[in-house]
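Reader: I have a model open on my screen and I would like to go through it with you. Could you tell me, step by step, what the labels rest on?

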Amino acid sequence: MPTMQKKSEKKDGLEGSFTRLNEIVNRLEQNDCSLEESLKLYEEGVKLAGAAHRVLNEAERKIEILSKSAETGFPISEPFGMAKDGEV
């Protein structure tokens, strides 16, 4: 099933990640999973949440760059991939 999840994540991006996270939460809330299955679902959820967090941070950074450009009227010429303020 992880292969299917990765295909869904690539296909749907952030929305697909949130959909899968919702499915995981619902499954865990049913309290009918074994401990092993619960741990696997939890691990998958943590990975999805991390990936979604990175996508949202990237979008926020793009917005910041565009906003700075709009304020000055000049394009900002800083590399997009660079972390700001020492963030990784």
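Author: Gladly. Let's start with the word helix: here a helix is a DSSP run of H or I with at least four residues, numbered from the N terminus. Leu41 lies in one of these, helix α2. Please keep in mind that this is a predicted model.

Reader: How many helices and strands does the chain have?

Author: The chain has 2 helices and 0 strands. Helix α1 covers 2-29 and helix α2 covers 35-72.

Reader: Why is Leu41 called buried?

Author: The cut-off for buried is under 20% relative accessible area. Leu41 has 9%, so Leu41 is buried. Other buried residues of α2 include Gly45, Ala51, Arg61 and Ile65. Over the whole chain of 88 residues, 17% count as buried.

Reader: Which residues does Leu41 touch, leaving out those up to four places away in sequence?

Author: Leu41 touches Arg20, Ile24, Arg27, Leu28 and Cys33. A contact needs heavy atoms within 4.5 Å.

Reader: What makes a set of residues a nonpolar core, and which residues are in the largest one?

Author: The members must be buried residues of the nonpolar kinds, such as Leu, Ile and Cys, joined through side-chain atoms within 4.5 Å. The largest core here has 5 residues: Leu21, Ile24, Cys33, Leu41 and Leu48. The elements that give two or more residues to this core are α1 and α2. Setting aside neighbours within four places in sequence, Leu21 is in contact with Gly45, Leu48 and Ala49. As a general point, nonpolar side chains tend to be buried together in soluble globular proteins.

Reader: Why is Glu44 counted as buried?

Author: Glu44 lies in helix α2. Its relative accessibility is 17%, and the limit is under 20%, so Glu44 counts as buried.

Reader: What makes the pair of Glu44 and Arg20 a salt bridge?

Author: A salt bridge needs a side-chain nitrogen of Lys or Arg within 4 Å of a carboxyl oxygen of Asp or Glu. The closest N and O atoms of Glu44 and Arg20 are 2.7 Å apart, so the pair qualifies. Because Glu44 lies in helix α2 and Arg20 in helix α1, the pair ties together parts that are 24 residues apart in sequence. The two side chains also make a polar contact, at 2.7 Å.

Reader: Is Arg20 buried or exposed?

Author: Arg20 has a relative accessibility of 13%, so Arg20 counts as buried. Arg20 also forms a salt bridge with Glu23, where the closest N and O atoms are 3.1 Å apart. Arg20 and Glu23 are 3 residues apart in helix α1, so about one helical turn separates them. Glu23 counts as partly exposed because its relative accessibility is 41%.

Reader: Where else is there a salt bridge, and how many does the structure hold?

Author: The structure holds 8 salt bridges. One of them joins the side chains of Arg27 and Asp32, at 2.7 Å from N to O. Arg27, at 26% relative accessibility, counts as partly exposed, and Asp32 is partly exposed too, with 48%. Through shared partners, salt bridges join Arg20, Glu23 and Glu44 into one network.

Reader: Why is Asn31 called exposed?

Author: Exposed means over 50% relative accessible area. Asn31 is at 68%, so Asn31 counts as exposed. Asn31 is found in the loop between α1 and α2, and has a positive phi of about 55° although it is not a glycine.

Technical notes: Residues are numbered from 1 along each chain as its sequence is written. This is a predicted model: local features need pLDDT of at least 70, side-chain atom pairs count only at pLDDT 80 or more; totals for chains, interfaces and linings use all residues. Side-chain values use heavy atoms; hydrogens and water are left out. Buried means under 20% relative accessible area, exposed over 50%, partly exposed in between (1.4 Å probe, protein chains only). A polar contact is a pair of N or O atoms within 3.5 Å; within protein, one must be able to donate a hydrogen and the other to accept it, and residues adjacent in sequence count only if both atoms are side-chain atoms.
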